[in-house]
Amino acid sequence: KTEHISGFVVFQFLTYESCQARMFSQSSVVCECNATHCDSVGRVTLPAVGHYLSFLSSEAGSRLHREQGQVQRNSTGTALRITLVPEQKYQHIKGFGGAMTDSAAINILSLSAGAQDQLLRQYFSPEGIEYNVVRVPMASCDFSTRLYTYADSPGDYGLLNFSLAEEDTHMKIPLLHRAQALSARPLSLFASAWTAPSWLKTNGALIGKGSLKGQPGDKEYKTWAQYYIRFLEEYEKHNLSFWGLTTGNEPTAGELTNYSFQALGFRPEQQRDWIAMDLGPALHSSRYAKTRLMILDDQRLLLPYWAKVVLSDTHAARYVHGIGLHWYLDHVAPAKITLGTTHDLYPEYFLFGTEACSGWTSFDRGVQLGSWKRAEDYASDIIEDLNNHVTGWTDWNLALDQGGGPNWVKNFVDSTIIVDHSRDVFYKQPTFYSMAHFSKFLWEGSQRVGVSTSGHSALESSAFIRPDGSAALIVLNRSDAEVPFEVWDQTVGFLPSSAPPHSILTLLWNRS
């Protein structure tokens with residue numbers, strides 16, 4: 001790009017070069033970026049039929065390394081064959097992204113203007129990994145520096161004093177505008193509230209165990225529904241509209257004694273009745289009737305029970321579009337029993353991943369710069385979710401500092417981008433590239449199709465037909481051994497490939 005200064009033209013080159021690899025104490029590298037340098041996958045154009053592209057990221061240090069291969073007419077004789085079964089059609093993809101929390105905004109804005117722009121480009125531009133989904137917390141959460149809601153005046157049932165916070169108007173909203181300006185497609189924003197104002201709650205506090213006073217249909221529940229409408233109205237004044245809403249972040253957290261940060265308890269029966277009597281009618285009678293409403297926004301362990309309680313009620317179900325999922329207890333909740341059963345019972349409601357992060361457990365806490373295991377955990381969970389009808393997957397904070405914050409309750413975790421504002425740099429974690437293997441290549445509208453594998457292997461995979469008719473296959477190898485394989489697509493032939501140990505691979509090819 002060019003700048004004109006005192007009659008001279010100054011050329012500033014934003015160089016999209018290879019990863020500036022830095023090794024910390026973990027198993028793999030991070031890619032360091034600054035105001036003038038950052039690695040980038042760039043725009044991707046597929047070669048003609050008969051050729052394919054592969055993108056490789058690995059523990060050994062590859063980061064979206066691009067190669068072109070030739071489709072073979074005959075089998076390569078490789079022991080393992082992955083066959084595309086395009087006539088088996090499943091869910092369409094909505095998208096992938098992360099959350100613009102207060103903390104993410106603070107960290108992005110702590111960088112110089114050039115580095116901020118570089119970071120946003122990495123996520124949202126056609127040269128970057130093309131996130132198309134952003135989660136926006138409604139008021140404060142633990143990844144804030146203070147406790148607040150938009151209506152902290154006691155007894156304000158008419159929400160006459162409702163107003164956005166400086167965190168919205170000075171940080172999150174300007175950054176969302178910049179992200180949208182960089183994106184080639186409209187961003188799909190969805191909002192989640194952590195807590196109602198304390199004066200609406202049984203415990204009189206924003207944190208800890210507490211729910212709304214009264215019963216669904218009462219003034220507290222109606223006021224809480226109108227709070228959602230007011231939020232949408234205020235953001236609309238800033239030219240931001242929302243694709244979706246969730247009924248509230250982790251409703252089970254507000255049922256826990258001594259819970260340490262913002263929460264609002266809901267049992268599924270309460271959520272059902274609140275939607276049927278208050279929130280659903282409020283949205284339906286507003287100009288936001290087409291906003292997608294997601295129930296749950298909590299662990300999939302709660303499925304299919306939670307869905308049965310809410311969606312078996314026709315009065316509530318008519319206002320609901322989807323089910324939001326957090327990943328934190330996925331290891332104890334088999335996907336087929338939770339996601340698969342829920343989809344079979346309620347196929348018209350989409351399943352959507354609304355939050356995930358690494359570094360949240362007491363035994364594996366905080367930021368790990370260069371952890372490849374966390375990249376594999378991400379990729380494996382996304383593939384499992386996609387193979388069980390999930391339509392998208394949202395990472396948590398878009399950026400955190402090296403301590404995994406700020407977080408007012410010291411609930412420090414990891415993020416796909418870590419900012420070191422003292423050096424005006426940011427680090428793209430291995431998990432950033434995990435996300436990229438999906439967000440960059442699985443466009444909105446892509447449809448999952450069947451795959452069959454000739455034998456047992458260490459590989460995990462998921463296949464898609466994109467809106468332009470091209471195919472995408474994502475393959476994860478968590479084993480210590482290289483796994484040669486071929487992909488058979490009967491419309492074009494055999495794609496010879498190999499998954500290095502501890503790698504993620506995306507293959508793309510035109511089919512006609």
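Here are some friendly notes on the structure above, which is a predicted model.

1. Overall size. The protein has 512 residues, and its radius of gyration is 23 Å. A compact globule of that length would come out near 24 Å, so the value agrees with a compact globule. If you like to picture a box, the C-alpha atoms fill one of roughly 70 × 65 × 45 Å, taken along the principal axes.

2. Secondary structure and contacts. You will find 10 helices and 26 strands as you trace the protein. Take the contacts between residues at least 6 apart in sequence: 72% of them join residues at least 24 apart.

3. Of the 512 residues, 61% are buried. The accessible surface of the protein comes to about 19300 Å², and carbon and sulfur atoms account for 51% of that area.

4. Charges. Counting side chains, there are 42 positive and 52 negative ones in the protein. The centres of these two sets lie 3 Å apart.

5. An unreviewed UniProt entry carries the annotation "domain: Glycosyl hydrolase family 30 beta sandwich" for residues 445–507. In the model, that stretch of chain is 63% strand and 0% helix.

6. Glutamine 72. This residue is worth a look in your viewer. Glutamine 72 sits in the loop that runs between strand 6 (65–70) and strand 7 (81–92). Its relative accessibility is 33%, which lies between the 20% and 50% cut-offs, so glutamine 72 counts as partly exposed.

7. A link across the sequence. Which residues does glutamine 72 contact, leaving aside its neighbours within four places in sequence? They are Gly493, Phe494 and Pro496. Glutamine 72 and phenylalanine 494 are 422 residues apart in sequence, yet their C-alpha atoms are 4.9 Å apart in space. For orientation, the UniProt annotation mentioned above covers residues 445–507.

8. Glutamate 167. Now to a helix: glutamate 167 is placed in helix 3, which spans residues 166–182. Is this glutamate buried or exposed? With a relative accessible area of 9%, glutamate 167 falls under the 20% cut-off and is therefore buried.

9. Around glutamate 167. Not counting residues up to four places away in sequence, glutamate 167 touches Asp102, Arg146, Tyr148 and Lys172. Among these partners, Arg146 and Lys172 are of the kinds counted as positive, while Asp102 is of a kind counted as negative.

Key. Residues are numbered from 1 along each chain as its sequence is written. This is a predicted model: local features need pLDDT of at least 70, side-chain atom pairs count only at pLDDT 80 or more; totals for chains, interfaces and linings use all residues. Side-chain values use heavy atoms; hydrogens and water are left out. Helices (H or I, at least four residues) and strands (E, at least two) are DSSP runs, numbered from the N terminus. The radius of gyration is taken over C-alpha atoms; the globule rule is 2.2 Å times the number of residues to the power 0.38. Buried means under 20% relative accessible area, exposed over 50%, partly exposed in between (1.4 Å probe, protein chains only). Contact means heavy atoms within 4.5 Å. Accessible areas come from the Shrake-Rupley method with a 1.4 Å probe; for residues, only the protein chains shown count as cover. The place of a charge is taken as NZ of Lys, CZ of Arg, CG of Asp or CD of Glu. UniProt positions are given in the numbering used here, feature names are shortened, and annotations may be inferred rather than shown by experiment.
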